[in-house]
Amino acid sequence: MAIVVLASAPAASRACPNCKEALSAQPGEATRMADGFNWSILVMLGVPAGLLSVGGLAVRRAVRSGVLPEF
């Protein structure tokens, strides 16, 4: 039964619409689309890191100025 389930899984799975479009695009369009995907991933990773950094700096500054007690 496991073999039947594993053998039928690739046939049942489908790519997301963006991946399907990327495969059918011309080479120049596919390169630009891949660059767009890469930048969007970098932005999604960079925003939380930036927020944590700014928050950490704000806490550090507040501790140094005496607004917050030291840990």
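Confidence in this predicted model, expressed as pLDDT (the predictor's confidence in each residue, from 0 to 100), averages 81 over the chain, and 73% of the residues score at least 70. Among the elements, helix α1 (residues 2-12) has the lowest mean pLDDT, 64, whereas helix α3 (residues 27-65) has the highest, 91. Because the model is predicted, local features need pLDDT of at least 70 and side-chain atom pairs count only at pLDDT 80 or more, while totals for chains, interfaces and linings use all residues. Residues are numbered from 1 along each chain as its sequence is written, and side-chain values use heavy atoms, with hydrogens and water left out.

The chain holds three helices and zero strands, where helices are DSSP runs of H or I with at least four residues and strands are runs of E with at least two, numbered from the N terminus. Helix α3 has 39 residues and reaches 56 Å from its first C-alpha to its last, close to the 57 Å expected at 1.5 Å a residue, the expected span being 1.5 Å times one less than the number of residues. Just after α3, Gly66 takes a positive phi of about 90°.

Of the 71 residues in the chain, 4% are buried, meaning under 20% relative accessible area with a 1.4 Å probe and protein chains only, while exposed means over 50% and partly exposed lies in between. Met44, placed in helix α3, counts as exposed because its relative accessibility is 57%.
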